[in-house]
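Here's a quick briefing to read with the model open. Take a look first, then work through the points below.

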Amino acid sequence: MFDVPLFLTFAAIAVACAINLVLQTHPISSALSLVGVMGSLAVLYLLLGGQFIAAVQLIVYAGAIMVLFVFVIMLLNAGAEKRPSRRVLGAAVALPLLFTAAALGAVMITTQIPKTAAVKFGAFQLGGAASIGRELFTRYLLPFEVTSILILIAILGAIVLARKEI
Amino acid sequence: MPFQLPAEVPLSWYLILSAILFVTGAAGFLIRRNIITVFMCIELMLNAVNLTFISFSNALGKVDGHIFSFFVMVVAAAEAAVGLAIILTVFKNRATLEIDEVSSLKL
Amino acid sequence: MNFYVLSLIKAALVAVVLLTLCAYLVWIERKVLGHIQLRPGPYRVGPHGLLQPLSDLIKLLTKEGVIPANVNTFLYLLAPFLAVLLALTSIVVIPFGPEVEVFGVRTNLGLTDLDIGILFILAISSLGVYGIAIGGWASNNKYSLLGGLRSSAQMISYELPLALAIAAPLLIVNSLSFREMVMGQQGYWFGILPKWNIFAAPFPQIFSFLIFLIAAFAETNRIPFDLPEAESELVAGFHTEYSSMMFAAFFMAEYANIATICFVATSLFLGGWTPLWPAQYGSDFVPPILLGGAGLMLLYHASQALRTRKWDRYSFPVLGVVFLGLAALFLVPALKPVLVPLFWFAAKSGILIFTFVWIRGTLPRFRYDQLMRFAWTFLFPISVVNLLITGLLVALT
Amino acid sequence: MQHLWLIPALPFAGFLVNGIFGRRMPKAAVTATATGSVLLSLFWTVKVLLGLGTLEHVYLERYFTWLQSGIVNVSFDFAVDRLSAVMLLIVTGIGSLIHIYAIGYMGHEHGPNHGGYYRFFAYMNLFMFFMLVLVLAANYLVLFVGWEGVGLCSYLLIGFYFLKKSAGDAGKKAFVVNRIGDFGFSLGMFLILIHFGSLDFGSVFGKAATMSPEASAGIITAICLLLLVGATGKSAQVPLYVWLPDAMEGPTPVSALIHAATMVTAGVYMVARSSALFELAPVAKETVAIVGLVTAVLAATIGLTQWDIKKVFAYSTVSQLGYMFLGLGVGAYSAGVFHIMTHAFFKALLFLGAGSVIHALEGEQDLRMMGGLRSKIPLTCFLLFCASIAIAGVPPFSGFHSKDAILLAAHHHAPWMFWVAVVTAGMTAFYVFRAFFLAFLGNYRGQGHPHESPPVMTAPLGVLALLSLVGGYFDVPHYLEPMFHGGHAPHETSLVVISVAAGLTGIGLAFLFYVAKPGLPDAVSRLFGPVYRLVYYKYFVDEAYDAVIVHPARDGSTAVLWRGVDAGFIDGIVNGVGSVARSVGGGLRQIQSGYIRRYAAWVLLGSIVIVAAASFLGGAR
């Protein structure tokens with residue numbers, strides 16, 4: 001019943017925050033905008049039936065990764081970007097291309113996806129922790145273990161990079 | 001005929017939203033000059049992709065999309081850890097966050 | 001009854017109780033600290049300073065809210081709002097009591113019951129850092145910035161042992177829902193010892209509980225981990241530049257966080273609303289006896305000439321009657337199934353909250369490097385080991 | 001299951017232990033590992049052979065499929081029949097004795113790790129491993145593994161004193177010359193694979209027996225000749241014998257084990273193993289006989305003139321190997337194999353005895369610097385006498401029996417071969433006793449103080465001496481008879497008398513020349529000046545090879561292959577590619593600006609193009 005209004009609300013928040021992220025000159029404002037995008041995406045995930053992934057989105061993305069970003073921004077005391085951009089040419093070429101591509105994508109989506117395909121709230125029941133966990137530890141066990149190794153490597157890399165000597 | 005809201009959200013809306021977010025992220029990548037902001041634009045693109053995964057997962061009634069986006073998040077976390085460490089090191093050595101000033105990796 | 005109406009009523013009730021509780025937590029803290037330090041604490045406003053929170057509220061509301069120059073106004077104002085919002089949000093998944101029937105309406109005592117309630121709590125608490133970090137950054141003050149930095153690093157660090165400590169009882173109860181979590185702790189060993197998670201079957205979760213409590217102290221920025229607002233180093237840390245209601249908001253967020261985390265600990269480890277011993281041994285009569293005893297004691301003191309203040313002549317008898325009336329409420333059969341679980345929940349949470357204050361009155365503050373080392377080299381490893389042992393034992397049984 | 005694999009595996013384990021840990025192991029442990037593993041291998045061989053009984057049929061053990069590709073289907077199998085049983089006993093038995101001998105001989109080496117003591121034993125064990133694989137192989141490819149492996153070990157051990165240039169050169173020479181032979185062997189193997197579709201001895205010989213001789217005579221002749229090329233390389237036959245005399249640069253136990261008793265007989269073994277094929281190719285068989293005969297004569301004449309005691313024995317080895325080939329070529333396979341065995345006994349004894357002499361003289365190998373050693377090292381003198389009398393073909397000692405069998409078969413095949421061989425036998429007796437008399441009789445001409453070798457060296461010599469004396473009574477030909485189709489030569493007493501007389505004449509002449517009238521040799525050599533020089537310089541074969549093959553090959557390679565093909569053509573291509581890549585890269589590197597966002601824009605552009613192409617060209621269904 002509230003599907004459409006909720007979707008529209010949070011989609012609008014997400015788009016607004018995303019645009020704000022790009023337009024703000026100060027990194028911390030951008031970071032907070034990104035947190036806003038992530039939060040509204042979490043709500044959209046809930047609408048799509050992904051409870052677990054919504055919680056993980058908040059915990060991992062908003063709660064850990066973005067905190068790290070904020071921390072780094074604060075640590076480096078990063079200021080706003082300086083106004084004049086030397087290389088506007090690239091952007092002038094790339095941005096129209098980009099929006100052409102986006103329009104192309106939208107056309108493709110609207111023509112390719114059946115009109116009847118709709119997201120019915122509550123229809124998707126597999127988004128809980130149980131079903132995801134079952135898949136993760138059976139079919140996707142090897143990728144899961146590989147990602148744990150990846151994380152280990154990332155930790156080591158971060159430690160090595162953050163040492164004082166380098 | 002006045003515009004009538006559908007009773008349920010069409011799948012294409014989610015995909016278009018995801019496309020918009022992705023394009024915004026890509027545009028940000030191209031026009032921002034602060035390394036951290038550029039990095040955040042990458043995260044935005046990853047998020048957009050995640051939304052696509054989840055939407056298709058819903059449409060297909062399979063849980064695999066969730067798994068994929070879970071992995072995307074894990075990779076994003078690792079990427080953030082290493083990337084931010086690199087940014088810290090760059091800042092320590094060059095005292096700049098301007099992405100165009102970090103361009104010595106060329107012939 | 002309509003789902004929405006019912007939810008609204010419950011939300012309003014919880015909000016009122018929680019906000020009042022937050023306000024009175026300040027009074028409790030000051031009072032307990034005072035007694036620990038052999039002084040009476042607030043005493044002037046109202047009997048035993050009972051109206052002190054009210055006067056504080058009035059004071060803070062009427063003070064001028066100073067916004068320093070050269071700050072990012074939007075973020076500066078957003079920070080306390082965010083802090084309070086996130087602190088109050090977590091309460092929605094806490095179950096205060098079982099499913100009961102009041103006035104012909106069946107409902108859960110609690111706002112909602114998410115399948116992923118525990119993940120929800122983790123998500124919200126991980127977001128909690130933003131209020132402090134943004135506040136510290138937006139104040140445009142080096143002390144505030146340092147406070148915000150410390151807070152974000154500290155909360156990320158302690159989030160890990162916290163999550164790992166929560167994961168261990170999850171393995172035993174096998175659910176992410178708080179209500180199922182509490183239901184899983186029903187029953188008694190040998191008919192007398194409660195099957196709470198700290199006494200759980202394969203591996204008693206006492207270590208998880210202690211890790212959780214320690215990490216909770218850090219997550220709520222309480223002594224001995226209150227580095228973000230360490231007054232001896234950072235003036236007042238992240239809220240140095242805040243005044244009036246914005247300051248109050250941070251304050252309230254802190255107490256709301258304490259309350260929430262104590263509720264969570266109660267639900268996860270102490271069996272939620274489950275009584276300490278079975279009802280057939282008379283656990284239902286504990287609240288009326290306690291409350292009635294308190295009322296009778298007040299009446300006794302009122303009858304004595306032992307009055308330090310002239311207000312006591314009126315307040316003691318009145319309060320005594322109120323307490324007796326509360327005790328009587330617990331004996332009303334219609335209300336008993338509602339009130340008794342609430343009492344046990346409140347009692348356990350109250351003891352935990354008292355512990356928070358007690359620790360504050362007892363322990364000194366860590367140094368920052370000690371704090372981080374403690375998290376990464378002690379707390380994190382033992383929480384991993386604890387989780388592994390629990391997992392192993394659960395897998396074996 | 002008899003666990004044949006244990007026989008080679010034990011020395012291999014010894015090799016691994018010594019090769020990996022030997023450097024840090026005490027000398028005694030190295031010794032124990034190396035010698036123990038070979039002794040265990042001998043023990044296991046005996047146990048297996050006892051367990052297998054009379055070996056009426058081939059005993060085969062299959063381990064695993066090694067190669068499987070198209071028609072090539074090779075499995076790693078070991079097999080034992082009577083032929084390999086004899087060879088197994090020779091290899092492990094002589095190998096054990098020589099390992100024990102080497103403990104004493106190598107014990108005085110100086111330098112780090114006792115002059116590579118552990119390295120020596122590791123190589124020796126590795127050699128034992130490969131030789132046993134060669135003998136046990138149940139198909140040509142596994143045999144080839146052992147074949148190549150023993151070649152490798154031979155190279156390593158010839159060049160054991162690698163600080164000496166001559167030793168390194170000799171090793172390389174052995175390796176290169178062997179390559180030529182191996183090339184022939186490989187080609188022969190490919191032909192076998194194509195023609196028979198298998199490399200297993202059983203199926204190859206089975207098919208060969210059922211094929212009509214006329215249809216496949218040509219190809220089988222080709223196969224046999226190619227195998228013969230391989231055998232001439234490994235067994236030092238004309239024209240590939242030149243490496244063996246130089247191989248004496250290696251330590252004497254190596255000369256005894258590898259270059260006298262075992263490895264060089266691998267060619268003989270292989271030809272005997274392939275007798276079923278050779279029987280179908282009379283031309284090839286005749287070639288074998290002639291090659292053997294020529295080698296025997298040639299080497300024997302060279303042996304007459306050499307002054308280095310080891311060189312004398314080396315040419316003697318070549319000559320005796322020629323005898324074996326002669327035996328094979330005239331169809332007396334069992335006699336050839338019999339001669340392998342007796343030759344292993346007395347030639348190992350000769351070498352080890354020579355080693356004992358060299359050891360006593362602290363490295364002196366020149367016969368002119370010896371003399372009169374009989375009183376100084378009597379035990380060695382006696383042992384060497386046993387060996388000499390055995391090789392000279394004096395009845396009833398071992399050399400007499402095997403050589404006689406070959407001579408009889410040769411007479412049966414073609415009488416002129418018999419007469420040539422008899423003359424050669426006389427020469428054999430002459431040069432062996434020449435060396436013996438020069439070393440032990442007369443007056444001592446050197447400066448050092450000779451001393452008798454330790455018992456650890458003389459004890460194996462004693463065993464070998466005993467075997468040299470009585471080894472002729474092991475009736476190997478009879479034991480092997482069912483293996484081969486060759487006819488049995490009739491026993492003719494007159495021929496036996498002739499050959500024995502030739503041997504005794506040789507001994508007598510040697511006594512006359514070097515004991516009775518010491519001035520006579522010089523006179524004779526002056527009399528036959530040019531001939532003597534020709535023989536003394538080994539018919540100038542090395543020089544001829546140098547002039548005809550090595551120099552043209554080297555100069556041609558330098559001029560054409562190096563300057564022309566490599567420097568001009570190949571380097572030109574490589575440099576051209578390099579410079580093109582460099583110039584293209586110089587242009588392309590403008591793209592690599594270092595600006596990350598520009599790269600991102602390129603990536604984006606590419607993605608857009610791909611998406612557009614996919615959607616417009618084929619994606620939209």
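A residue counts as buried if 20 or more other C-beta atoms (placed from the backbone) lie within 10 Å of its own, as exposed if 12 or fewer do, and as partly exposed in between. With that cut-off, buried residues make up 52% of the 621 residues in chain D. Keep in mind that this is a predicted model, where local features need pLDDT of at least 70, side-chain atom pairs count only at pLDDT 80 or more, and totals for chains, interfaces and linings use all residues. Residues are numbered from 1 along each chain as its sequence is written, while chains are lettered from A and ligands numbered from 1 in the order in which they are written.

**Chain D overall**
- Chain D has 26 helices and two strands, taken as DSSP runs numbered from the N terminus (helices H or I with at least four residues, strands E with at least two).
- Two residues are in contact if their C-beta atoms, placed from the backbone, lie within 7 Å.
- Of the chain D contacts between residues at least 6 apart in sequence, 82% join residues at least 24 apart.

**A helix pair in chain D**
- Helices α2 (residues 27-52) and α3 (residues 82-106) of chain D pack at an angle of about 155° with axes 9 Å apart; axes are lines fitted to C-alpha atoms, for helices over the stretch in contact, and angles run from 0 to 180 degrees between N-to-C directions.
- That makes α2(D) roughly antiparallel to α3(D) (over 145 degrees; under 35 is roughly parallel, 65 to 115 roughly perpendicular and the rest oblique).
- The crossing of α2(D) with α3(D) is left-handed, meaning that the near helix is turned anticlockwise from the far one by less than a right angle (clockwise would be right-handed).
- Residues in this contact of α2(D) with α3(D) split into 10 nonpolar, nine polar and no charged; Ala, Val, Leu, Ile, Met, Phe, Trp, Tyr, Cys and Pro count as nonpolar, Asp, Glu, Lys and Arg as charged, and the others, Gly among them, as polar.

**Around D:M263**
- D:M263 sits in the loop between α10 (252-261) and α11 (266-273) of chain D.
- D:M263 is buried, with 28 other C-beta atoms within 10 Å.
- Leaving aside neighbours within four places in sequence, D:M263 touches D:M131, D:V150, D:S154 and D:I258.
- D:F130 and D:M263 are 133 residues apart in sequence, yet 9.7 Å apart C-alpha to C-alpha.

**A helix pair in chain A**
- Helix α1 (residues 3-23) of chain A packs on α2(A) at about 160°, with axes 8 Å apart.
- α1(A) is therefore roughly antiparallel to α2(A), and their crossing is left-handed.
- The contact of α1(A) with α2(A) has 14 nonpolar, five polar and one charged residue.

**Chain B with chain A**
- This contact takes 61 residues from chain B and 72 residues from chain A.
- On the chain B side, α3(B) has the largest share, with 21 residues.
- The chain B side that touches chain A divides into 44 nonpolar, 12 polar and five charged residues.
- Strand β1 (residues 118-119) of chain A runs antiparallel to β1(B), joined by two bridges; strands pair if DSSP finds at least two bridges between them.
- In that pairing, A:V119 stands opposite B:V9 in β1(B).

**Chain A with chain C**
- Chain A gives 18 residues to this contact and chain C gives 20 residues.
- α3(A) supplies the most to the chain A side, with 13 residues.
- The side of chain A that touches chain C has 15 nonpolar, three polar and no charged residues.
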